[in-house]
Amino acid sequence: MNTPSFMDMAYEEAQAAAARGEVPVGAVIVSPQGQVIARAGNRTVADTDPTAHAEIVALRAACLALGSQRLVGCDLYVTLEPCPMCAAAISFARIRRLYFGADDPKSGGVEHGARVFSRDTCHHAPEVYGGMDAARSTALLQAFFAGRRDGGDA
């Protein structure tokens, strides 16, 4: 039996978000020892909170679990390139490595748009690895938004 990868877990969270009517983005935070600390999907609709992106929800849960505002040495896996808000939170949390799936040319804040980690004002930049299983995440997002355009519940 194959053990799911951390990106597989993030994808499962994205699928669960889509099933709730949320934009399908999922995130997983992993300790330096390789243990999953937190996993979450988008919750902006469910929580009536524009900041409840998968990354923010997972960061909050991981900080609570560890009893710290910093997640030094932890890695974040997310299915979509983080937006500028999430990128700033990732920096503030001192995430060691960021792995993301699909690029987000419209709203991304890491390799597109604001490029938060490359700014002089950014005090901590994680190692960034984009394009992890990007095709699967992109397909999920495209299907979700196609369903919205077609009037479905996607």
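Is C83 buried or exposed? C83 is buried, its relative accessible area being 14%; here buried means under 20% relative accessible area, exposed over 50%, and partly exposed in between (1.4 Å probe, protein chains only). The model shown is predicted, so local features need pLDDT of at least 70 and side-chain atom pairs count only at pLDDT 80 or more, whereas totals for chains, interfaces and linings use all residues. Residues are numbered from 1 along each chain as its sequence is written, and side-chain values use heavy atoms, with hydrogens and water left out.

**View 1. The open sheet consists of 5 strands in the order β2-β1-β3-β4-β5, with mixed pairing.** The edge strands, β2 (36-41) and β5 (127-129), each pair on one side only. From one strand to the next, the twist averages 15°. Strands (E, at least two residues) and helices (H or I, at least four) are DSSP runs numbered from the N terminus, and two strands pair if DSSP finds at least two bridges between them.

**View 2. Strand β1 (residues 26-30) is joined to β2 by 5 bridges, and the two run antiparallel.** V28 has R39 of β2 as its bridge partner. A further 4 bridges link β1 to β3, again in the antiparallel sense. In this pairing A27 stands opposite V78 of β3.

**View 3. Strand β3 is largely enclosed by the rest of the structure, because 6 of its 6 residues are buried.** Its pairing with β4 is parallel and extends over 5 bridges. D75 has R97 in β4 as its bridge partner.

**View 4. Helix α1 (residues 6-19) packs on the sheet, where it touches β1, β2, β3 (75-80) and β4 (97-102).** The direction of α1 makes about 145° with that of β1. Helix α4 (residues 134-149) also packs on the sheet, touching β3 and β4, and its direction makes about 55° with that of β4. Contact means heavy atoms within 4.5 Å; axes are lines fitted to C-alpha atoms, for helices over the stretch in contact, and angles run from 0 to 180 degrees between N-to-C directions.

**View 5. F6 and Y77 form a tilted aromatic pair, 5.2 Å centre to centre with 50° between the planes.** F6 lies in helix α1 and Y77 in strand β3, so the pair ties together parts that are 71 residues apart in sequence. F6 is partly exposed at 22% relative accessibility, while Y77 is buried at 11%. One aromatic cluster comprises F6, Y77, Y99 and Y129. Rings of Phe, Tyr and Trp (its six-membered ring) pair if their centres lie within 6.5 Å; planes under 30 degrees apart count as stacked, over 60 as edge-to-face and the rest as tilted.

**View 6. F144 and F145 form an edge-to-face aromatic pair, with 5.1 Å between centres and 85° between planes.** F144 is buried at 5% relative accessibility, and F145 is partly exposed at 35%.

**View 7. R136 lies over the face of Y11, 4.1 Å from the ring centre.** A charge sits over a ring if NZ of Lys or CZ of Arg is within 6 Å of the ring centre and within 35 degrees of the ring normal.

**View 8. The model contains 0 disulfides, a disulfide being a pair of cysteine sulfur atoms within 2.5 Å.** The sulfur of C63 is 8.5 Å from the closest cysteine sulfur, in C74, and is therefore too far for a bond. C63 is buried at 18% relative accessibility. C83 is likewise in no disulfide, the nearest cysteine sulfur, that of C86, being 3.7 Å away.
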